[in-house]
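The structure is shown below.

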Amino acid sequence: MSHQPFTAAALRGAVDLSSLKRPAPPAGPASGAASTSADGAGLVIEGTDASIREVIAASDRHPVVMVLWSPRLQESADFVTTLGSVARRYGGRFQLVTVDVDANPTILQAFQVQAVPVSFAFVQSQPVPLFEGVQPEAQVAAVIDQVLQLAAQHGVTGTVPGGDGAAAEAGEPEPEQPLPPLHQKAFDAIEAGDLDTAAAAYREALAQSPADTDAKLGLAQVGLMQRTQGADLQAARAAAAAAPTDVDAQILVADLDLLGGHVEDAFLRLIDTVRVTADADRNKAREHLVELFEVVGVTDERVARARKSLMSALF
């Protein structure tokens, strides 16, 4: 799914919503979305088969971002938490709707998704594909900025009623404490598209506190965004396919794959590059793979599996 700048052409109905039939009115409090109020108020709410049309209709008033996820997959649950954090930072400029696909088969069928998490935005009830897979928080924020710009072009500039109180009723965490000053400076710079300033802020934070893991992760994520800025995915893939031992070409595709949520593909590409290269080239591929481990998070199961594969490739 796209993480390129959006245009009005994006609002053409990329998803067929005709299968989302309006359900019968719920019989009582036990029906429908337990965490969604009658008017869909709330910063972070649950979407269900019974409520989804009303939730989408609210995008006539304010932008809506919807994430389809499954409690069976920890990475998708973690991504919902990431999106919730971003939603709270934007203070009601968009509404986040979380959909448990295991409990809502009609929505799953309508969007024809093959894997979760997957995310969409809605503006004036029209869907815009956002992400397939997990994304770094900085990249999520950058794309949300594009969604808000698109919404403004269509006159959708309302804010979400209910705010954090409704999110708390839905079982969401309380709003996070303010970011440390340098972290906030980096986040603001990312929102403004100034990646150099963001990287400098994270480096300064690390200089002050080398154990600052959030700054280390932020710097790695910003570096990923810098390296892929303006890159053409199809051209990069063609170049990498034509030169399997060109480490720089393989690194660029791996970065683009990671940015697009294809984490395991990115890891496998660099592990294969380690296998077919030697000396300085081999070490460069290995070091870059380790850097991507930092972007994803060293506790992620996919990182653990990739580390084992890397050791096998090296020895």
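The paragraphs that follow describe aromatic contacts in this structure.

This is a predicted model, in which local features need pLDDT of at least 70 and side-chain atom pairs count only at pLDDT 80 or more, while totals for chains, interfaces and linings use all residues. Residues are numbered from 1 along each chain as its sequence is written, and side-chain values use heavy atoms, with hydrogens and water left out.

Rings of Phe, Tyr and Trp (its six-membered ring) pair if their centres lie within 6.5 Å; planes under 30 degrees apart count as stacked, over 60 as edge-to-face and the rest as tilted. One of the pairs joins Tyr-90 to Phe-94 in an edge-to-face arrangement, with 5.8 Å from centre to centre and 65 degrees between the planes. Tyr-90 is buried, at a relative accessible area of 5%, and Phe-94 is buried at 3%. Buried means under 20% relative accessible area, exposed over 50%, and partly exposed in between (1.4 Å probe, protein chains only).

Phe-267 and Phe-293 also form an edge-to-face pair, with centres 5.0 Å apart and planes at 85 degrees. This pair links distant parts of the chain: Phe-267 belongs to helix α11 (residues 263-276) and Phe-293 to helix α12 (residues 279-296), 26 residues apart. Helices (H or I, at least four residues) and strands (E, at least two) are DSSP runs, numbered from the N terminus. Phe-267 counts as buried at 2% relative accessibility, as does Phe-293 at 0%.

Elsewhere, one aromatic cluster is formed by Phe-111, Phe-120 and Phe-122.
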